[in-house]
Amino acid sequence: MTGEPRWKRASGWADLRGRREGGLAFLLMRLTGIGLVAYLFLHLYTLRLLAQGPEAWDAFIAVAKSPPFLALDGILILGLLYHALNGVRVTLLGLGIGVPHQARLFWGVLALTLLLTGAAVYAIFSITG
Amino acid sequence: MPDAGDAPTLLPGFLRLDPFEVGVAPAAGTKQEEPIMPTWQLHLLRGRPGSSPRLESYRVELPAEAYLIDAVEKIWAEQDRSLLFRHACHHASCGACGVRVNGRERLMCITPLREFNPERPIRVEPLRHFPWLGDLLVDVAPMMRRMAAVGLVLVRRDELTADRPLPEGVEQGTRFEDCIECGLCLSACPVMAADDAYLGPAALAAIERMLAEPRGGDPVRLRTLADDPHGVWRCHSAMECTAVCPSHVDPASAIGRLRRHLIREKLRRWMGGNP
Amino acid sequence: MMAHAHVVVIGAGSTGAATAHDLALRGFRVTVVERGEIASGTSGRNHCLLHSGGRYAMRDPESARECIEENMILRRIMPEALELNDGLFVALDEADLALKERFLEACEECGIPAREIPVKQALAMEPHLNPNIRAAVQVPDGVFEPFRFCLAFLATAKHNGATILTYTEVVDFVFQGRTVAGVRVWDRRRGEERVIGADLVVNAAGPWAGKIAAMAGVDVPVIPTAGVMISIGRRWTRMVINRLHMPGDGDIIVPQRRTAIIGTTSWRVEDPDFIPIPEDHVRLLLDCAERLVPGYTQGGIRGIFAVARPLVGRRGVALDGRELSRTFECFDHAVDGVEGFITITGGKMTTARAMAEKAADVVCAKLGREIPCRTRETPLRSYRDFFD
C-alpha cells in the first residue's frame, strides 16, 4: 500500500497531534473503555473464587484490602467515573445538545472525575484504615 | 517600468482602462520605504508515494499581513518548482488549500502569517485520511464521491438576509451552502482513521442539510444513507470536525440533529406511523 | 485521418476548461494539461461576478452585449452553481448621478435589463448600503464560484472523453517542420518528462500565454496585469453592489456565502507566478468599500489575494486579415508561420463559453471540419462528476 502510508492506519484514532479537547476526550474514552472491559473480565475471573469456598474467598479479600490493591481500585474508579461522566457528555453532544460548549464540558468532566475520585479514594482509605 | 502617464497601447476594447488605472507598482514598493518583511521559516513535508516523506526547511520573506498560501506559493515560485500543493481561489470558497499547520487542519489562504512567530518554524503537512500523492498534495476524490453520493445541492435559501425585501424579479434570496468541501473535517476526525467506509462529517452534515431543505433530494434515500453503521452511528462525537471547519458548517451539531431526526422517524414507525 | 483529431489544451482555467468542453462536445479527442490544480492561475482568484455587463455598457457596448448574453446562457447551463440575487449600481455623488441617464440608455441599447429603483427601496433591500446614495439601478448580476465553475466544464468534457492531466507542466513544443506536432510535458508527480502528440495545440495559459507561445517560437505580447481583492468575514449585502461610475479601482463588492469581496485594482507585473500585495492597494480598497458599505471592515478581513489577468497588446487576426474578436484575443499562429497552434486569451470568466466557441471554431477551420457548436444549449454536469 505505498500510496497510503502514515495518514490512514487503524491506530490513527490515537494520534493526538493537532487535536484538542474533543479529540482527547475521545481517546480517553476509548482507553478507559478498553480498561473497563479488561477489568470486567478480571472481575468475573476473580469471582470464580466464590465457588471455591470461604477460605479461598477470604484469602482474596485480604489481598484486596491491601494498600497497593486499593490504589488500583482508585485507578479503576478514575477510569470508571471518567467513562461514565464523559459518556453523559457524549450522549448530549451526540444528540446535538451543547455542542458550542463541548470543550468546557470536557474540562468539567475532568474536574468532576478528579473530585469524585479524590472523595472516593479518601473514603476507601478512611474505611480500611 | 512604464510611467504612470503612458497610455497602454491597443488594449482589448472591453477593458479600455484609463492610463492612471494601469499604473506602476505603487509607491509603497519603492526602495526607500520598504515595509517590514520578516523572514519566516517553513518546514514543508516533501516526498513521493513509495519513499519516506521528510520535512524540508525553507525561509521566505513576506509581510506579516500575508497568508500561508502566499508563503508556500512564493517558495514554489522562487525556490523549488517541484513542490506539489493545491490551491485555487485564495478566498476560502474552493476548499482546495487544506493542510495541517503545526498539526492542526487549516486552509492556507486564510491563515495569516501574523499568527505565527517568525522565530519558530511553521510545520506544513498534508491532510490526514486521504490518499497521499506527494508533498502537500492529497487525492480528494474519496470525499467528493461521498458528497456526490449525498448530492448536496450547492445553492440554498439565504437565511442571512431573509429579513429584507427581495429585489423585483428575484423569487427567493439564495446563497451557496456553507460547506466548501475542503476536507478539513475528514482529516481531523479520528474515526476516519480507522474506518474506510465511514461517511464522514461533511457528508453527514450535507445529508442533514438536504433533509432540512430538500431541493429535490429523496428523503428516504438520504435517511437510508445516514442510518447505517458506517453512517451517522459511526460518529463518536470527538467534535474535532466542528473545531476545524473554516466555513460555519458545524458538522457535529448537524450530526446531532440528524440523529434526533432518525430516532424520531424510528419511533414514529415503531408506533405505527407510515414508513 | 481526422476521425478523432487530438487537440491538446494548455491550461485548466476558465478558458481551457470551456474550450475542452466545446471541443469534446464536437467529437475531438481532448487532453488538457495543467501545471497545477484546476483554476490555480488567474481563474481561481476571480472576483466571482457573473457579469450583467452593466460595467461595460457605457464604454464598450460590444463587451456589454456579450456579457449579458453569456450571463443568460450560464444561468441555463449551470443553474445550480450560481447565487442569483441581482445587483445594484449605486450613485455615491453628483458626478455619479450625472451618469445615470447615460447608463440606463447604454444598458438598454446593449440588451441589459436595467431598472432604476427608488433609493428608499434600495436601502430597504440593502440596509447596510451608504444611506447617502443618490440613485440605484438594478441589474441581473450573479455570483459564481470560480473553482467549481471550471470543474463543471471539465467534468462535462471528461465524461465526453476528454483527459485532464493536472500537475503536468508544458516545458517545450515538439515540431515536425514548421508544424506543432505535440508538447513535451513534465509530470510533476512522477518527476519524469514525456511527449504528448497532438494534431493541434490550444494555448489557454492566461497570463503565461506569452511564455508558452515563446516556447513555440511565437510572440504573444501578454501584459500580466495584477489586481488585489479582499474578502471580508461578513456578508453585508445580498446583492452585488457596483458604483455607478466609469470603471475604476475598488468599485464593486461581490457577496458570496458569508463573505463580501471588494475589488479590484490594476498594475503591471513582471512575473505572474508570485505577486506581492501592495499595502496601499489594500488601504485603497477598504476605503472604497467603506464608501459603498460603511462599516464594511468591521466584518474582519478574512483573506487578501492578488492575481494577474492577461491583457494582450496586439489584436489577433485570421489568415484573411480580419480581427478574430474584439472582446478577447484569439491568435492563429499560422499567421506567424507556425501551423497547428493557436492561442486564446484575455476575456473574462463570464464569457469563457463564448471564447471557447470561437477557439473551437478556429480549431475546426484549421482541421478542415465543420461541426456546429452546441455549448449554448448543453447543460453542464455537476462539478463533482469530475472526481468520478
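Leaving aside neighbours within four places in sequence, which residues is C:L154 in contact with?

**View 1. C:L154 and its contacts in chain C.** Beyond those sequence neighbours, C:L154 is in contact with C:A12, C:A17, C:A20, C:I38, C:I164 and C:F386 (contact: C-beta atoms, placed from the backbone, within 7 Å). This is a predicted model: local features need pLDDT of at least 70 and side-chain atom pairs count only at pLDDT 80 or more, while totals for chains, interfaces and linings use all residues. Residues are numbered from 1 along each chain as its sequence is written, and chains are lettered from A and ligands numbered from 1 in the order in which they are written.

**View 2. Helix 5 of chain B, mostly covered.** Helix 5 runs over residues 201-212 and reaches 16 Å from first C-alpha to last, close to the 16 Å expected (1.5 Å times one less than its number of residues; helices are DSSP runs of H or I, at least four residues, and strands runs of E, at least two, numbered from the N terminus). Of its 12 residues, 10 are buried, including B:L204 and B:I207 (buried: 20 or more other C-beta atoms within 10 Å of its own, with C-beta atoms placed from the backbone). Helix 2, helix 6 and helix 8 of chain B are among what covers them.

**View 3. Where chain B touches chain C.** Each chain puts in 65 residues. On the chain B side, helix 2 gives the most, with 5 residues. That side divides into 38 nonpolar, 15 polar and 12 charged residues (nonpolar: Ala, Val, Leu, Ile, Met, Phe, Trp, Tyr, Cys and Pro; charged: Asp, Glu, Lys and Arg; polar: the others, Gly among them).

Definitions and conventions: Two residues are in contact if their C-beta atoms, placed from the backbone, lie within 7 Å.
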